[in-house]
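The tour below moves from stop to stop, each with something to select.

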Amino acid sequence: MRILVCGAGGQVGHELVDRARQHGLEALGMTRDQLDITDAGQVADLITQVQPGLIINAAAYTHVDNAETHSEQAYAVNRDGAARLAEAARHASIPLLHISTDYVFSGEARTPYSEADEVAPTGAYGASKLAGEKAIQDAMDQHLILRTSWVYGTHGHNFVKTMLRLGAQRDSLSVVADQFGCPTQAGSIADVLLQLAQRYDRHGTLAWGLYHYTGRSPCTWFDFAVEVFRQAEAKGMLAKQPQVSPITTAQYPTPARRPAWSVLDCSKFENTFGIATLDWHDELSVVLDGLVASATAAGSEAAHSQA
């Protein structure tokens with residue numbers, strides 16, 4: 001089956017295109033420059049042209065702080081783009097798998113959020129993503145929305161790569177220690193979505209609806225950073241771990257308010273599909289190994305080109 005991947009330039013989108021063949025699927029990846037998902041005519045024309053059996057939307061406006069001052073752009077992509085894809089998918093009688101976020105919640109809870117819990121985003125990014133969820137739900141029945149959190153991987157910009165860069169530059173740094181969430185590897189999100197696409201290809205249906213999928217075991221950004229440095233040193237990526245000091249959110253003000261509690265309950269997803277969430281410590285090791293391999297390959301290629 002051919003799948004159309006929107007947002008192929010992002011962390012999850014890149015992994016979807018890269019891993020599709022391993023799942024017996026053909027992926028047509030479209031970056032932001034190749035497909036404007038807010039343009040209904042462009043979306044409809046592409047679907048008519050390539051005739052995918054399913055769409056996976058990994059496209060999103062994800063700059064949380066900039067969304068506060070550029071909310072029109074955030075809503076254009078996260079709400080209107082999702083709506084255009086859903087309308088086109090319904091017209092073509094194909095399903096839409098869509099990635100959403102933990103930022104739809106207020107972060108004031110202290111137990112993991114379930115899909116049935118009240119949503120109350122605190123910023124423009126979360127509000128625009130929630131509006132996208134509602135647009136999809138209103139437009140079509142054959143949809144699956146997957147909320148996730150704290151995404152990182154080998155491709156694109158993310159917390160892990162930022163910490164590695166800062167760790168190589170500094171002897172000490174401070175990281176927020178009063179925000180809780182579950183780091184989630186981009187490659188694992190892609191694998192899950194591709195497994196679901198496979199099941200749809202085999203059976204012609206899925207248990208449609210709204211689900212949560214994240215890495216297993218809550219932590220703070222401080223905990224995450226400390227583990228990044230510990231593993232990076234053990235793998236020879238850093239000469240030595242920097243000293244990491246915990247700070248509060250108030251000590252690191254940002255334009256957008258981050259949820260203090262972003263832990264999602266993934267039991268509905270696990271019970272429905274029989275796919276277990278993965279421990280983020282192990283997943284981090286996989287990503288760091290991937291970064292080492294990429295750096296080694298790039299070095300070998302550079303040496304070869306100079307020879």
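Select glutamine 51 first, which sits in the loop between α2 (40-50) and β3; helices here are DSSP runs of H or I with at least four residues, strands are runs of E with at least two, and both are numbered from the N terminus. Its phi is near 50 degrees, a positive value in a residue other than glycine. At 63% relative accessibility, glutamine 51 counts as exposed, where exposed means over 50% relative accessible area, buried under 20%, and partly exposed in between, with a 1.4 Å probe and protein chains only.

The model is a predicted one, in which local features need pLDDT of at least 70 and side-chain atom pairs count only at pLDDT 80 or more, while totals for chains, interfaces and linings use all residues. Residues are numbered from 1 along each chain as its sequence is written, and side-chain values use heavy atoms, with hydrogens and water left out.

Now select serine 217, in the loop between β10 (209-212) and β11 (219-220). Serine 217 also is not a glycine, yet has a positive phi of about 90 degrees, and with a relative accessible area of 26% this residue is partly exposed.

Zoom out to the whole protein chain, which has 10 helices and 12 strands. The C-alpha trace spans about 55 × 55 × 40 Å along its principal axes. For 307 residues a compact globule would have a radius of gyration near 19 Å, and the protein chain, at 19 Å, agrees with that; the radius is taken over C-alpha atoms, and the globule rule is 2.2 Å times the number of residues to the power 0.38. Buried residues make up 50% of the 307. Among contacts (heavy atoms within 4.5 Å) between residues at least 6 apart in sequence, 81% join residues at least 24 apart.

Which residues have the most contacts inside the largest nonpolar core? They are Leu16, Leu146 and Phe269, in a core of 28 residues; such a core is a set of buried Ala, Val, Leu, Ile, Met, Phe, Trp, Tyr and Cys residues joined through side-chain atoms within 4.5 Å. Colour the elements that give two or more residues to this core: β1 (2-6), α1 (11-19), β3 (54-57), β4 (96-101), β5 (143-148), α7 and α9 (267-273). Of these, α7 gives the most, with nine residues. Apart from this core lies another, of 24 residues, among them Trp221, Ala225, Val228 and Trp280. In soluble globular proteins, nonpolar side chains tend to be buried together.

Select α7 itself, residues 186-203, whose 18 residues reach 26 Å from the first C-alpha to the last, close to the 26 Å expected from 1.5 Å times one less than the number of residues. Its buried residues include Ile189, Ala190, Leu193, Leu194, Ala197 and Tyr200. Just after α7, glycine 204 takes a positive phi of about 80 degrees.

Isoleucine 99, found in strand β4, is buried with a relative accessible area of 11%. Leaving aside neighbours within four places in sequence, isoleucine 99 is in contact with residues including Val12, Ala58, Leu146, Ile189 and Leu193.

Next, select glutamine 179, in the loop between β7 (172-176) and β8 (180-181). Is glutamine 179 buried or exposed? At 7% relative accessibility, glutamine 179 counts as buried. Its side chain makes a polar contact with that of tryptophan 221 (3.1 Å), and another, of 3.0 Å, joins it to the side chain of threonine 249. A polar contact is a pair of N or O atoms within 3.5 Å; within protein, one must be able to donate a hydrogen and the other to accept it, and residues adjacent in sequence count only if both atoms are side-chain atoms.

End at glutamine 231, in helix α8 (residues 221-234), which is buried with a relative accessible area of 7%. A polar contact of 2.8 Å joins the side chains of glutamine 231 and glutamate 227. Not counting residues up to four places away in sequence, glutamine 231 touches His281, Leu284, Ser285 and Leu288.
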